Amino acid sequence: MAGAAPTDRPEAAEWQNPLRDKRDKRLPRIAGPCSMVIFGVTGDLSRKKLMPAIYDLANRGLLPPAFGLVGFARRDYADEDFAQVVLEAVKAHARTPFRQEVWDQLSEGIRFVQGSFDDNAAFDRLADTLTTLDKERGTGGNHAFYLSIPPNMFPVVLDQLCAHGLAQTTGPDAARKPWRRVVIEKPFGHDLHSAQELNALVNGVFPEERVFRIDHYLGKETVQNILALRFANQLYEPIWNANFVDHVQITMAEDIGLGGRAGYYDGIGAARDVIQNHLLQLLALTAMEEPISFEPKQLQAEKIKVLSATKLVEPLDETTARGQYTEGWQGSEHVVGLAEEEGFDPNSKTETYAAIRLQIDTRRWAGVPFFLRTGKRLGRRVTEIAVIFKRAPHLPFDQTMTEELGQNALVIRVQPDEGITTRFGSKVPGSSMEVRDVNMDFTYGEAFTESSPEAYERLILDVLLGVPSLFPVNAEVELSWRILDPVLEHWAAEGRPEPYEAGTWGPPSADEMIARTGREWRRP
């Protein structure tokens, strides 16, 4: 790389406000003057998520009036052409209603730079465009670069940003401490070694405090509610430990197949795609100790501690499972198997289902197994964290009174139908004493009049504010790979994944894995 960016910590105007701690924390955070440059702006992620999220933020009054949005791609667009692309994406995918006055204001800051990633002249034009935005729109030298591109393109783009002075925060507004940040989408490498190489590459241009690794699951309201549920209530935290918890199941199930993503997915698989990032982050939030505060460094420190204590359980033949879906029925539709998916190697050993058992070697969680599973073409689409409690002694009851009673559970539903379910025993109406499971539900849609923002809204706003609480840092990424790498190496030495029929809940080996501990999977 051509020289490294300076290491002083940049801050958003709102975040460095000395009166911040005296403000009402319930007030919305509004980004200061800034712009965002999106590389790969013509891709699906940009069209379906990023551009609509930016409009939704503007519609909610959370972006500065003179916000700049710059697209970079090979298409031969004028600024007006790109603005039309953004408008179509907004009308098709925005969460909030379309308002012409909001669009008119946002569109004034839309620019497009045509060129390829290795085109020096294109990056000269990008630098000129940002300088013009600073002068005409008052963006103050504050620019975020969103790399919505394949990881193999990172070195080229990062080198160009550095070589053209775009990663540095010098310039006429230096006295106001302008900032430059970079946003990276997963995957963060494909194993520990590649993740370390990627981190070194990125940090050679942007210091770690300016790097924002997007895990969109961490932007979901329900995921953030784990912290409120645990630490704002006296009800749960006293029993959130090995004295009361029997085990924890974290599930991300999808009812769709690969569709047109076969080329991307082959060689990656369910464990790399979901467990390494989404599920291990959910585990960290579920199992972490209470932070001193919700400041980014405090949250990250507690997640790092719990991931450092997370270990695989041997032997891996008995504590992991993987599978590939075959043809079957998804509801009323007959679907093809993985081997028949267009563009997929029928002899591939890539798994579409993965399950692992973990333990956390801390006093709080000693002896409590954590089961993580994910898969495609499963029974239904659901992501949830299920904390299953130990059985009560039932001393006053005989067996017939409680034979229909299961274990108490607290289930955090991340998607769909975001909310929380508590399962407990209640007496069945009648003259006899019979206890049966009942559920008590909280759902966001019924409890709050305002709909939850999309994950990308929260995450993009945090990037512009310079608040990295919800973004994994180097240590979290590398610890996650340290946990998962032995499983991937073990599977690589094995044969084909076990087949499971589409529409079911995975291969028999996954049921056998959890049954060895005397437990069974939840059927959401």
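**Salt bridges in the predicted model**

At 0% relative accessibility, E457 is buried (buried is under 20% relative accessible area, exposed over 50%, partly exposed in between; 1.4 Å probe, protein chains only). E457 forms a salt bridge with R95 (a side-chain nitrogen of Lys or Arg within 4 Å of a carboxyl oxygen of Asp or Glu). Their closest N and O atoms are 2.7 Å apart. The two residues come from distant parts of the chain. E457 sits in helix α14, and R95 in the loop between α2 (79-93) and α3 (100-107), 362 residues apart. Helices (H or I, at least four residues) and strands (E, at least two) are DSSP runs, numbered from the N terminus. R95 is partly exposed, at 26% relative accessible area.

This is a predicted model: local features need pLDDT of at least 70, side-chain atom pairs count only at pLDDT 80 or more, and totals for chains, interfaces and linings use all residues. Residues are numbered from 1 along each chain as its sequence is written, and side-chain values use heavy atoms, with hydrogens and water left out.

Now take D462. Its side chain meets that of R29 in a salt bridge, 2.7 Å from N to O. D462 lies in helix α14 (residues 455-465) and R29 in the segment before β1 (35-39), so the pair ties together parts 433 residues apart in sequence. D462 is buried, with a relative accessible area of 0%. R29 is partly exposed, at 21%.

D119 pairs with R125 in another salt bridge, with the closest N and O atoms 3.9 Å apart. D119 is partly exposed at 23% relative accessibility. R125 is partly exposed at 35%. Elsewhere, salt bridges with shared partners join R230, E237, E289 and R364 into one network. The count comes to 20 salt bridges.
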